[in-house]
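Take a walk through this model, from whole chains down to single residues. Keep the coordinates open beside the text.

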Amino acid sequence: MATSSKPDRPVNDNPLSDSESDDSRDEEGWNDVEEDEEDTPEVISLLDDRVFPDVISMLAHCKEKHSFDFLGVRQKLQLDFHGCVKLVNFIRQRVHEGLPVSEDISVADIDDDAYLKPVLDDDAVIIGLFDLPELSAPDAIIAAQSGDNGALVNDLLKRNTELQEQLASVLLQHENYQAAVSKTLDERWGEAGADDNTKKTNQTAGKGKGKDGVEEKEDESKYYWESYAGVDIHETMLKDTVRTDAYRDFIYNNKHLFAGKTVLDIGCGTACSARAPAHPVCLAVDASDIIIKARENIYRAGLSDTITTLHGKMEEVALPVDQVDIIVSEWMGYGLLFDGHASLAPVSDPVWVSENGEAFWADVYGFDMSAMAKGIYDEVRVLHWPGDKVCGTSSAFKMLDLYTTTAADLSFTAPYVSRLTQDVDAIDGFLIWFDTFFSPTAPPSSAQQIPEGQKVEAANVDNHGVPDDAVATEWILDNKGKRNQDLVAFTTGPFGGAETHWKQGLLHCDPHLGEKKDEHSVAVNENSSTGSGNQQQKKKNEEVRGEITFSVAEDNARALVIKTTWDAGRTQQSWALR
Amino acid sequence: MASDKMDVEGAQKKLTDMAHSEQHYFNSYNHHGIHEEMLKDEVRTRSYMNAIVQNKHLFKDKVVLDVGCGTAILSMFAVKAGAKHVIGVDMSTIILKAKEIVKVNGMEDKITLIQGKMEEIELPFPKVDIIISEWMGYFLLYESMLDTVLYARDKYLVKDGLIFPDKATIFVCGIEDGDYKDEKIGFWDNVYGFDYSPLKATALSEPLVDTVEVKAAVTDPSSVITLDLYTCTTADLAFSIPFRLQCRRDDFVHALVAWFDIDFTACHKTIRFSTGPHTKYTHWKQTVFYLREVLTVQQDEEIACTLVVKPNEKNRRDLDIEVGYALQTQDITRQAQGSCSYKMC
């Protein structure tokens with residue numbers, strides 16, 4: 001699956017640099033590559049002062065002019081690399097001392113580690129020894145092959161035949177295995193052909209220009225599961241170390257909680273979290289085909305007997321037990337929600353707005369393409385937003401406690417308040433994200449029954465030590481400001497440092513809201529310094545407050561509608577998150 | 001003008017007739033992100049603009065067909081260059097947006113937009129003088145519309161008609177990419193202490209679309225195939241071609257990287273652009289094929305390679321790709337050869 005969502009390696013050229021591109025193929029081609037070649041050292045002859053480009057030609061010279069066959073000596077003495085080094089230095093030493101060198105050199109002559117020390121500094125001959133042809137078989141074996149030792153030859157031939165047979169049988173086994181594996185993978189991964197198109201249309205991967213048109217999307221939820229079967233997204237998720245580290249730390253740091261327990265991992269994915277120490281019985285459930293890979297991972301980790309994988313939707317699979325002790329899940333959707341609390345902060349960035357908002361479409365190479373901007377303010381944009389473009393304090397507007405949360409809690413209205421940290425010409429939108437907290441203390445009253453998790457629990461439990469306004473990056477510190485190893489939490493917000501694969505959600509405010517709502521008020525304000533709607537200049541320390549409402553989209557149970565009010569309720573806007 | 005009114009009404013009816021999910025697709029800003037990405041790709045859009053707008057003598061009073069017109073920007077360039085009429089064809093509902101755009105820019109009497117498959121629709125003109133198209137996919141051929149362009153050429157283009165662009169060349173070079181290969185492929189060997197190698201084979205068989213730095217290039221680039229759009233046929237889109245890569249320095253080769261150049265030779269002065277690592281970023285980036293083994297190469301040695309490309313039998317838009325390689329060296333300790341199979345889907 002080709003994708004454009006992977007992190008790019010740095011590119012030297014500014015993609016939007018405005019130089020002419022009539023012919024953007026640099027004619028210099030590759031010349032700007034650094035030429036980092038080193039000068040190859042010259043090879044100095046062993047027996048005189050002549051120099052050669054390489055060892056082979058130098059040795060040929062020695063053989064021709066001095067009747068000294070270096071390779072012959074090496075062959076005769078069966079010298080390995082170190083032997084050759086000694087031989088070279090032995091010869092160099094003798095030449096240096098003015099002594100004659102003949103081919104009658106014995107192993108004993110050069111058997112002195114002193115000869116491992118180069119006589120010439122940076123002797124190119126020694127470096128060049130790597131280039132010499134391989135040593136041929138020792139003479140003894142050659143003699144054997146010529147018939148002096150028939151028994152040995154027969155033995156070797158027989159052994160050879162045996163090995164060939166073994167090889168053939170192993171190859172056959174391997175082929176069968178390959179066929180079996182590819183058949184299994186075809187079955188599991190190559191979904192029914194009809195689904196392919198639906199998948200294509202939805203994937204922004206590929207070059208999805210919509211060339212395939214729009215096919216029927218009968219089952220939105222099927223797409224959801226399918227998108228989780230690709231390798232990319234699991235790499236994205238596993239490489240999101242903020243996320244994986246947090247889950248791992250929590251599970252590994254709380255071994256006592258897991259020992260001997262039955263654990264349910266909902267949406268297990270590649271099953272990374274399914275291994276808790278002390279070998280509890282573990283059930284891993286995922287509706288996506290990635291569970292096939294998870295089975296392999298589990299098998300390789302030798303955990304097949306403790307982890308049972310179940311392929312299907314949580315609501316539909318039958319668990320082999322009535323109750324479980326612990327639920328591990330990593331179920332926050334892309335961009336948003338719900339495991340700890342959700343926060344919001346106003347943002348302001350005129351440059352981003354001009355490059356990515358309506359203004360971009362108003363003049364595309366001299367054409368008015370405003371039609372493309374339709375809906376630009378209707379949907380939550382999922383992106384990484386830089387922390388320095390956030391113009392107000394964050395406001396945690398919703399705490400979700402998994403022990404007590406019910407499906408109904410996913411629809412709510414909550415107030416928020418943010419204090420501006422700088423003067424702004426306009427609030428361009430609101431950024432939303434969530435913080436996740438892992439609490440090691442279970443509330444005493446919760447029955448932890450599954451799968452009927454929708455049951456309303458008594459709400460009289462505290463938040464397991466997580467205050468409503470906790471910020472993940474601060475909550476994990478002790479009173480002295482040091483990292484408390486018992487606490488695990490992470491944020492997906494713009495101030496947490498590390499980016500996560502959830503990114504943030506931008507609620508991009510429609511600058512025309514005020515105009516549409518009340519044209520009269522625009523006229524009234526015409527001469528004053530303030531504009532309409534959110535296009536109002538605001539001062540540092542001014543408060544922005546209002547309400548935010550989450551509801552489930554009517555046409556798609558996995559989609560959300562988010563509504564925000566601001567300016568004392570005078571202005572409101574809704575966005576869809578699909 | 002009357003027919004145009006019907007066009008707009010027809011488009012509106014189409015929209016109301018659409019299934020709910022389709023309406024969402026049409027109205028969803030996020031789904032149109034790819035068009036934003038392509039229009040923001042300056043190398044691409046500006047090259048097309050210059051090829052068309054700077055050649056008014058070629059476009060004046062001509063009938064032009066825009067294959068896969070998308071937001072109709074190329075159609076509008078052609079009108080600006082003096083075309084008598086432009087027909088834009090696209091299967092996607094983006095064409096409904098294109099109709100709005102064309103109208104807003106006052107070109108509705110010059111541009112006819114048709115939603116449908118080229119093979120199934122009927123054009124208002126029996127023949128066209130010029131075909132313009134931006135049909136290239138990743139690795140040139142992945143999800144490419146070239147076969148549709150060739151169909152349109154054979155059915156509608158007048159004798160001696162022009163095609164913009166008319167030449168596409170695939171290049172390959174070898175790169176040193178140890179760190180990134182380790183990150184992308186080696187990653188699966190140890191995921192938080194677990195062996196995830198089942199996913200490694202999958203990762204290796206998927207070519208990676210990404211930007212490559214030119215300093216990573218260990219070999220000279222080699223042009224593998226040039227497609228001449230006036231003469232090539234769909235059969236030419238499946239090929240097996242040997243080529244040689246000459247090593248520029250002593251280094252390791254972890255992967256081969258492929259890209260393409262596009263030429264508009266019909267222009268008064270040939271306009272071309274490249275999607276290679278040596279020049280400006282394009283949204284096509286480059287396509288990286290990781291080899292299972294690492295080649296240890298010395299300067300001036302050659303790697304004899306073969307590139308085999310064919311459309312997947314089940315889904316013609318997917319590609320089956322095979323890369324054969326053999327390092328030509330006297331040093332038997334470094335000799336290496338093999339082949340790797342990839343699938344772009």
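In chain B, 50% of the 345 residues are buried; a buried residue has 20 or more other C-beta atoms within 10 Å of its own, an exposed one 12 or fewer, a partly exposed one a count in between, with C-beta atoms placed from the backbone. This is a predicted model: local features need pLDDT of at least 70, side-chain atom pairs count only at pLDDT 80 or more, and totals for chains, interfaces and linings use all residues. Residues are numbered from 1 along each chain as its sequence is written, while chains are lettered from A and ligands numbered from 1 in the order in which they are written.

Chain B holds 10 helices and 15 strands. Both are DSSP runs numbered from the N terminus: helices are H or I with at least four residues, strands E with at least two. Contacts come next: two residues touch if their C-beta atoms, placed from the backbone, lie within 7 Å. Of the contacts in chain B with a separation of 6 or more, 73% link residues 24 or more positions apart.

Turn to the open sheet of chain B. Its 5 strands run in the order β3-β2-β1-β4-β5, with parallel pairing. Strands pair if DSSP finds at least two bridges between them. From one strand to the next, the twist averages 20°.

Now follow the pairing. β1 (residues 63-67) and β2 (residues 85-90) of chain B share 5 bridges in the parallel sense. Here B:Asp66 has B:Gly88 of β2(B) as its bridge partner. β2(B) also runs parallel to β3(B), again over 5 bridges. On that side, B:Ile87 is partnered by B:Thr112 of β3(B).

α7 (residues 94-104) of chain B lies across β2 and β3 of chain B, running at about 165° to β3(B). Axes are lines fitted to C-alpha atoms, for helices over the stretch in contact, and angles run from 0 to 180 degrees between N-to-C directions. Together β2(B), α7(B) and β3(B) make a right-handed β-α-β unit. Right-handed means that, with the strands pointing away from the viewer, the path from the first strand over the helix to the second runs clockwise.

A nonpolar core is a set of buried Ala, Val, Leu, Ile, Met, Phe, Trp, Tyr and Cys residues joined through C-beta atoms within 7 Å. The largest has 107 residues, and B:Ile52, B:Val64 and B:Ala78 touch the most other members. Strand β10 (residues 251-264) of chain B gives the most to this core, 9 residues. Helix α6 (residues 73-80) of chain B is largely enclosed by the rest of the structure, because 7 of its 8 residues are buried. Among them are B:Leu74, B:Phe77 and B:Ala78. After α6(B) comes B:Gly82, with a positive phi near 100°.

Chain A has 18 helices and 16 strands. Of its 578 residues, 28% count as buried. One of the buried residues is A:Ile298, with 25 other C-beta atoms within 10 Å. A:Ile298 sits in helix α13 (residues 290-300) of chain A.
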